[in-house]
Amino acid sequence: MTARPKIILDCDPGHDDAMAILIAAHHTDLLGITTVSGNAPLEMTTRNALLVSQIADIDVEVHSGADRPLHVEPKHASHVHGRTGLDGPVLPELERRVVSTDAVTFIIDTVRQNDDVWLVPVGPLTNIALAFMAAPDIVERIAGISLMGGSAGPGNVTPVAEFNIWADPHAAHLVLASSAPRIIMAGLNLTSQYMVDQVTADRLNAMGSVTGTFAAQVVEAYVEAGLRIRGVPSANMHDPCAVMAVTHPNLFTWTDSHVDVSTEGITIGMTVVDDRGFGSAEPNVEVLRNIERDAAIEVFVGSVATYR
Ligand code: BDR
Ligand code: CA
């Protein structure tokens, strides 16, 4: 991996997506942000991506993408992120506009024009699947995919399914079965080790900067949701893990494992991780297992500190 990888961040902000944007813009060559329906409807996730880039004064193109999954009905995570997808922080008037409403074409063109692009999807995988279907030549051109989704363990929206995979299981199935050179999976088994709490919010607030204050409010709203849903005053920093797996691989351990996605029935949206250790199918995914939490918090706080 290069010190400063080229990435396209495909997201559905989302409180943890907002944190992922702040880390990505500091630590990567961020070629663009693409948005997808997920935590909230597309109109909202796109608004939120634009707002985060505006607040932190990040010079990046935003392209909106799919407003619905491939085959299932759109589902959102308002129970976590609120109706707007970013409930809680005080937000300014939106001044920025999307560069296009065709994220899929942006992804295809960008991968064709640049070597070694990492796709970093941290929402449902609809845009990535659509790009792979429309332009199969890009699959082997990318450096890899580092995604937040799934779990080598319990789910969060069903006993076995994690939201991003469950929200578009057919897209996830297609992407995980693709011949991408590398697929890294930051699932719930990993992201549940990367908790953020009021201690971090206080550090962000103490920066006294526009972005520090915003990031603190994002963390506080997210921690409040954690308290409401799980009864503990902390929240999982899911999406930053997929970014840091590319920018700070030394913070992680992983296994090369076979992963498939269930697209129907009671297990719909489940990532079936073959952990048998004997007779397992050919590995297709680097399944992240452990993260150095304290060092990863420093990456987040350090990133926020670089903005206005
Ligand atoms: C994932 O779902 C969303 O709510 C978060 O942004 C994260 O990408 C966690 O299941
Ligand atoms: Ca997300």
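User: If a residue is near a molecule or strand when one of its heavy atoms lies within 4 Å of it, which residues are around ligand 1?
Analyst: They are Asp16, Asp17, Asn39, His81, Val122, Met148, Asn156, Glu162, Phe163, Asn164, His238 and Asp239. This is a predicted model, in which local features need pLDDT of at least 70, side-chain atom pairs count only at pLDDT 80 or more, and totals for chains, interfaces and linings use all residues. Residues are numbered from 1 along each chain as its sequence is written, chains are lettered from A and ligands numbered from 1 in written order, and side-chain values use heavy atoms, without hydrogens and water.

User: How does that shell split by class?
Analyst: The shell around ligand 1 holds 3 nonpolar, 5 polar and 4 charged residues. Charged means Asp, Glu, Lys and Arg; nonpolar means Ala, Val, Leu, Ile, Met, Phe, Trp, Tyr, Cys and Pro; the others, Gly among them, are polar.

User: How far is the side chain of Asn39 from an oxygen atom of ligand 1?
Analyst: An N or O atom of the Asn39 side chain is 2.6 Å from a ligand oxygen, a polar contact (N or O atoms within 3.5 Å). For His81, a polar side-chain atom lies 2.9 Å from an oxygen of ligand 1, and for Asn164 that distance is 3.0 Å.

User: And how much of ligand 1 does the protein bury?
Analyst: The protein buries 96% of the 290 Å² that ligand 1 exposes when taken alone, by the Shrake-Rupley method with a 1.4 Å probe.

User: Which elements each supply at least two residues of the shell?
Analyst: Those are α1 (15–27), α6 (163–167) and α11 (238–247), helices being DSSP runs (H or I) of at least four residues, numbered from the N terminus.

Notes
Near = heavy atom within 4 Å. Polar contact = N/O pair within 3.5 Å; in protein donor to acceptor, adjacent residues only side chain to side chain.
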